[in-house]
Amino acid sequence: MIKRLLNFNSSRYRLWQENAAFAATIPQGALVLDAGAGEAPYRSLFQHTRYESADFHKVNKPYAPSTYVCDLKSIPVEDNRFDVIVFNQVMEHLPEPVLVLNELYRVLKPGGKMIYTGPLFYEEHEQPYDFYRYTQFALRYLFTTTGFVIERIDWLEGYFGTVGYQLNGMARYLPYRPRAIGAGIAGYGLAPILLLLKIVFATLSIAFHALETRIKFTARGYPKNYVAIVRKPVPVEQPE
Ligand SMILES: C[S@@+](CC[C@H](N)C(=O)[O-])C[C@H]1O[C@@H](n2cnc3c(N)ncnc32)[C@H](O)[C@@H]1O
């Protein structure tokens, strides 16, 4: 139970919410590409669509079966194939994001939409395939220079979620064994204080994650992730 509470991450709640709201705007039978699908956690939200997925399957972790096992720089499909692209928590893992955005643009139909989510503030993960973190300005620059039109860029979670994440990290990673701190009087003196702090941080982390699911506070602080909805424009026909 305590382990489950400690593992609760309000970002996953917000990711589910955003993907569900996006999926609800997608018409029945639309062709969807989940780019960098991993375990395909949002697949069930797209049951009313024709769902395909692409991933390079190179990280040592479980994967759902992918329609295309490929690098996202080169997806083996024709131009303008997909009505919709789902692109969650992937761009930070790409050494050359512009090449992948160009490829996603190529395979998306004119008028087609893409949901992006990705971290501004998160520890290294899926090593060694972890390259960048993106500010809202970097996202704006990357999407517009690759041809996409931005419908919205927003904080994925509010600051309570960011604080919950930070507290959770402190509860997990701070040392509490005297030898890990350097032994001696300082080590033995600090160890009980750090142990107590870890318990306090863990409790506060659970409280802040729970708060995030009720209140999205965005007036101050910074998000852990951004969410964006972007579109491939329909070319304007020039009169003869
Ligand atoms: C953090 S996971 C996110 C998975 C899933 N989209 C989600 O939201 O849970 C990043 C995924 O991107 C995939 N990936 C990273 N670099 C890739 C690349 N160059 N081409 C294809 N897939 C890639 C990884 O295999 C991994 O499954």
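**View A. Lys 232 over the ring of Tyr 105 in a predicted model.** Lys 232 sits over the face of Tyr 105, 4.7 Å from the ring centre. A charge counts as over a ring if NZ of Lys or CZ of Arg is within 6 Å of the ring centre and within 35 degrees of the ring normal. In this predicted model, local features need pLDDT of at least 70, side-chain atom pairs count only at pLDDT 80 or more, and totals for chains, interfaces and linings use all residues. Residues are numbered from 1 along each chain as its sequence is written, and side-chain values use heavy atoms, leaving out hydrogens and water.

View B. Rings of Phe, Tyr and Trp (its six-membered ring) pair if their centres lie within 6.5 Å; planes under 30 degrees apart are stacked, over 60 edge-to-face, the rest tilted. The count by this rule is 14 aromatic pairs.

**View C. Phe 121 and Tyr 222, an edge-to-face pair.** The ring centres of Phe 121 and Tyr 222 are 5.6 Å apart, with planes at 80 degrees, so the pair is edge-to-face. Phe 121 is in the loop between β5 (108-119) and α4 (136-145). Tyr 222 is in the loop between α7 (184-212) and β7 (225-231). The two are 101 residues apart. Helices (H or I, at least four residues) and strands (E, at least two) are DSSP runs, numbered from the N terminus.

**View D. Phe 160 and Phe 208, a tilted pair.** Their centres lie 6.0 Å apart and their planes meet at 55 degrees, so Phe 160 and Phe 208 are tilted. Phe 160 is in helix α5 (residues 159-173) and Phe 208 in helix α7, 48 residues apart in sequence.
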